[in-house]
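This report goes through one predicted model chain by chain. The sequence and the structure come next, followed by the text.

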Amino acid sequence: MQKIQNNKAWFLVLPVLALVAFSAVIPLMTVVNYAFNDTFGNNEFFWAGLEWFDEMIHSSRLHGALGRQILFSAIVLAIEVPLGIFVALNMPKKGFWSSLVLVVMALPLLIPFNVVGTIWQIFGRVDIGLLGHTLEALGLDYNYVNDPIDAWATVIVMDVWHWTSLVALLCYAGLQSIPQAYYQAARIDQASRWAVFRYIELPKMKGVLLIAVLLRFMDSFMIYTEPFVLTGGGPGNATTFLSIDLVKMAVGQFDLGPAAAFSLMYFLVILLVSWVFYTVMTSMDKAEAAQ
Amino acid sequence: MAQITLENLAHSYSAHPKSDSDYALKEMTHVWQDGGAYALLGSSGCGKTTLLNIISGLLRPSQGRILFGDRDVTDAPTTERNIAQVFQFPVVYDTMSVRDNLAFPLRNRGMDAAYIKTRVDQIARMIGMEAMLSRKAQGLTADAKQKISLGRGMVREDVNAILFDEPLTVIDPHMKWELRTQLKQLHRQFGHTMIYVTHDQTEALTFADKVVVMYDGRVVQMGTPEELFETPAHTFVGYFIGSPGMNFIDAKIDGHRAMLIGGTQVDLGAHYGTLAGRTRIGIRPEHVVLSDQGLPVTIRRIEDVGRHRILRAELSGTPFNIVLPEDAPPPGPSPRVAFLPGKIGVYADDWRVAPQAVERAA
Amino acid sequence: MVLELQAVSRMVEGRVHIHPTSLTLQNGTMNVLLGPTLSGKTSLMRLMAGLDAPTTGRILWHGEDVTGKRVQDRGVAMVYQQFINYPGLTVYENIASPLRILGRPKAEIDRKVRETAEMLHLTPMLARKPLELSGGQQQRCALARALVKGAGLVLLDEPLANLDYKLREELRVEIPRIFEASGAIFVYATTEPEEALLLGGNTATLWEGRVTQFGPTPRVYREPVDATTARVFSDPPMNFTSAVKQGARLSFGEGVDAPAFAVQDGSYMAGFRANHLSLERPSAAALDLRCKVIVTEITGAQSFIHVSHGEDRWIALVEGVQVLEPGQEISLWLDPRHIYLFDGEGRLAAPAAYAQAA
C-alpha cells in the first residue's frame, strides 16, 4: 500500500547497514577473494580462475558429503514435520496444562547447540550414558563411536529431540487461529478425524508449515555443532556433513582456495533453495489474495 | 424432524449458582412445534446463544431436560442430535470445491453417490450457485461463502432441526433480502424445524412464524410478529420491537383512565381497576396521530427517513416518538396528539396488564 | 473550514479504487458515504484522512493544499468499525490520551474530558477500563476520543456495524446531536440506506469507486440522478421494470398504461420503491399490476410481499399483516406519481412527480 513518504527512516537503518557490512559483506568478499586465487600466505595471491570450483565440483569427497547432507535433511524433515504436527494436534488447547506443555516444549530450543551435542554424547555412551547403557542392557549392540548406523541414528534422534518442538510450536500457533465454529460445523457434518485434519487443520496450518519446513531445511542443511561435538564426523566420514567437511578442509588441511569455492557454492545452494521456498510461499499468498 | 421440548431448562456458568442472577438462562419450559420457524431475539448477553448451544449439544444445561421428539437428548453429543447449523461467519472448507462442500455432510454419512449428485444439484439451484459448483470455495465473496454454509445446512433431508446463529451478519443489506427470501422458500419447501438466533428485529420478524423474545436470561414473550407488535407482554418487547420502539409514559391507572404527570387524562378504552407498582401506558409511535385536540407535545426534531418521518418529541416530560407517513403534512406550531383507540397498552412493573372483563355494561 | 477534494483518484496495482472525485464538504456538516461493501467508502476516507496518497488530484483543507501532508499534522480523528481503545487505560485516560499527546495543560485536559464524557453519557464509567463496558459504551468511548481533541475532520467508518440492532438505533439518534455540538466536518460511512436517512445531512452515494451523487440526504433519496444511485439508496431494493413511451401513453406491457411522461418516445426503465406499491387502489390514476406472490414476510405492523411480474422480481411494502399464499395472483397498485424513468444508460429521464412536489 502506498503511503505518504518521507526519507527519515533510512537514518534508522544506517547503523545496521554498517554493522552488516563489517560482519558479513567484508568477510564474504574475503571468501570470494580466496575462491578465485591461490595463496601460500604472506598475502600473496595468484589468479586461479575457476580452478577451485572445477576441482570441488568433481571432488568425490564433496559428493559424499553432499549426499549425506541431503539424506540427513530429508530424513530429519520427514520425521520432524509429521511428528511436530502430531504433537501440535495433541497439545492441550488451554488452561494450566497448555502453559506447562508450552514451557516444556520450548526447553530444547533454549539449550546451546554444543551443549546439546555434549548431552547426547554422554547420554549415548555405553559405559556411563543412560541411553547407551540401557540399550546394551537390553542386549542391543549399540555403539555410536564405532558403528556408522548407530552414529547416524543418534545424530538423527538428537536433531529430532532438539528441533521437533519448533515445528510443533509453529503448528500449534496455526491451530490456535482456527475459530471454534469450524470444529463445531465439522462435528455437525459428521466429519471424521482425518477429514477434520485434511480439510480444516491442514489448510489453516499451511502457512506456518511452510515457514517451519524452510527453517528446518536451512538449519539442518547447515548443521555443524551438534554432530561435531557428538561424533566429530565419524566413524570415518559417516557423519561428515557439508559444514563439517568444509571446516576440516579449511581449518584442518588449510586448503583455503577449495574451501572458499566450496563455501560459495554451499551458500548459493542454500540461497537458491530459500528463494524457491520464498517464491512458492508468496505466490501462494498472492493466489489467495487475488481470488 | 422433530418437535423440540425444553423441560424446566436452566443454565448457569458457575458451578454453584446461588441466586437468580447467577443463571445465564433462567428456568423455562417450552415446546417448539415440528416444522416451525422460530427466532430467538434479544440483545447481546440475553442468553440466546446459551440456549442455542444447549440445543446444539455444545453445552449441557445445569438443570432440566431437552427432548427431540420423545427422545431425551440432554446428554447426547452434537453428532447424535442430527442437526444442522449455520454460523455467524461463513464456515466453508476452503480447499474443497463448492460441490464437495455441499456434498460433505452426505458423503460422511455414506449416502449413495447418485443421490448426492441430485441432492447437491437441487440445493445449488435453490441457493443460486449452480454455475459455481466446480469452483474452489477459497476466494469467494463473503456472500457466496455464506450461501454455501446455508446450502450445507439444508442439504440433509432428515435433520431434526436447522440452527442459524446470526447468519446474515456479514451480508450487505441488498443481499440480505435475497438470502432471507431464499431461507423462507427453503423452509416452505422442506418443512424443517428452524431456529434462528439474532439481535435484528427485522430478521427475526420476517423469518419466523413464532418469535421468542429473550431478556436477561428469560423468555419474556413468545408470539407471532403481529402479537409482539400489537400487544407486547413486557416493556422490553415494546422497546425492542419496532423502530423506534414503543413510547412508555408514567401514569396512574384508575379504571378506564390513565392520569399522566401534570394531570392530563387519557381514556384507555377498557377497564383496568387500580394497579399497584410502577404503572405506565405504552403506545406505538405508529399509533399516534396529530390532531386538533388531545395531548400537547413539544417537538424536538423531525427526521425524514424516506418512507416516513419520525417526530422526536416530548410528552409530559418524557421522550416521545411519533411516526408520520411520507406524504403527511408537517405538524403545526402547537401540535397535539391523539392515540388510536384500542392501541394503548397498560403496564405494571414492566408487565402488560390485561383489561378486566367488562363487569358493568351500564 | 472546508475540505475540498479536487479530481482525486486512487489506483492500486493498476486497479482503480477511486475514480476521479471532486467533493466539497462544508464546515459543520454531516456527510454520509453510502454504498455496499467494497464500493470505495473506506478508500475515500483514507484519502481524506491522509492515510493514503491520491494517485491524481489535490486535497485542500481550508484552502491550503494538504495533499502530501502527514496524517499526524492534519487534525483528523477517525473511528472504526472495531471498538479501538487502549485496553490498559481507564475510560478517563483513554479520552484524555489525544490531549496528553498534544501536551495540553492538566486543567484543560480535565475540563475537556469531563465535557466530552458528559456529552456521550460516559461520566459514570470514567474510572472503568474499556473491556468492562458494553459494546455500545466502548464505541462511545472511541467516539469521545475522536471528539475530544477538537479535530476539524471526524471520520467514522461504519462505527455502528458491530453493535446490536437496538443499540445502533439509539446511537444513530445520538450521533447527529453530538455532531451538532462539535461543529466539525463529519464523514460517516455506512452500507445501510436507513442509517443515511436517520443521520440526515448530506449523502454521497458510492458505487464501484465512483461517487454517483452528492447532495442533501432526502434529496438524493427522492431525486436520484441515475438508476445506480436509486438502487444503492433503497432498502428494500428499488423495483425496476421496462416501459415504452409512445405518443400519449407510457406502456408497462400487459396493456397497463399510464399517461405519458414528458420524455421522448422510446424504451425506458421504470423504477419505484417498495412502499409505493399497495394492495388497495390509492388513487384513480393508479396502475393495476398483476403479480404472483413468491413469499410474504411480516414485520408486525407491515408486510413485505415478494412478487414476480413477468421477468421482474419486486418487493412491496404494505400496511398491516397480509397473509398471502405463494403462487397467488394479486393486484399491486402503483400511483404513476411515484415512478422514476431511467434511460438506456441508466440516467434519470423523468423524476417521480411526488418528489418534485415535496
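How much of residues 4-241 of chain B is helix and how much is strand, and how far apart are the end C-alpha atoms? Over residues 4-241, chain B is 37% helix and 24% strand, with the end C-alpha atoms 25 Å apart. Helices (H or I, at least four residues) and strands (E, at least two) are DSSP runs, numbered from the N terminus.

This is a predicted model, in which local features need pLDDT of at least 70, side-chain atom pairs count only at pLDDT 80 or more, and totals for chains, interfaces and linings use all residues. Residues are numbered from 1 along each chain as its sequence is written, while chains are lettered from A and ligands numbered from 1 in the order in which they are written.

**Chain B**

The stretch 4-241 of chain B carries the UniProt annotation "domain: ABC transporter", taken from an unreviewed entry. UniProt positions are given in the numbering used here, feature names are shortened, and annotations may be inferred rather than shown by experiment.

Strand S9 (residues 210-215) of chain B has five of its six residues buried. A residue is buried if 20 or more other C-beta atoms lie within 10 Å of its own, exposed if 12 or fewer, and partly exposed in between, with C-beta atoms placed from the backbone. S9(B) pairs with strand S3 (residues 37-41) of chain B in the parallel sense, over four bridges; two strands pair if DSSP finds at least two bridges between them. In that pairing B:Val212 of S9(B) is the bridge partner of B:Leu40. S9(B) also runs antiparallel to strand S10 (residues 218-223) of chain B, joined by five bridges, and here the bridge partner of B:Val212 is B:Met222 in S10(B). The hairpin of S9(B) and S10(B) has two residues between the strands, and B:Asp216 takes a positive phi near 55° in this hairpin.

**Chain B against chain C**

In the interface, 31 residues of chain B are in contact with 31 residues of chain C. Two residues are in contact if their C-beta atoms, placed from the backbone, lie within 7 Å. On the chain B side, the elements that give two or more residues are helix H6 (173-190), helix H7 (201-207), helix H8 (225-230) and strand S17 (298-304). H6(B) has the largest share, seven residues. By type, this side of chain B divides into 10 nonpolar, 12 polar and nine charged residues. Ala, Val, Leu, Ile, Met, Phe, Trp, Tyr, Cys and Pro count as nonpolar, Asp, Glu, Lys and Arg as charged, and the others, Gly among them, as polar.

**Chains A and C**

The table lists computed values for the two chains.

| Chain | Helices and strands | Box of C-alpha atoms along the principal axes | Buried |
|---|---|---|---|
| C | nine helices, 21 strands | roughly 75 × 45 × 40 Å | 46% of 358 residues |

Among contacts between residues at least 6 apart in sequence, 70% join residues at least 24 apart in chain A, and 66% do in chain C.

**Domains of chain A**

Chain A is assigned domain 1 (1-49) and domain 2 (61-290); domain bounds come from an automatic or database domain assignment. The C-alpha centres of these domains of chain A lie 30 Å apart. Their contact takes eight residues from domain 1 and six residues from domain 2. Helix H1 (9-36) and strand S1 (37-39) of chain A each supply at least two residues of the domain 1 side, and H1(A) gives the most, with four residues. The domain 1 side divides into five nonpolar, two polar and one charged.
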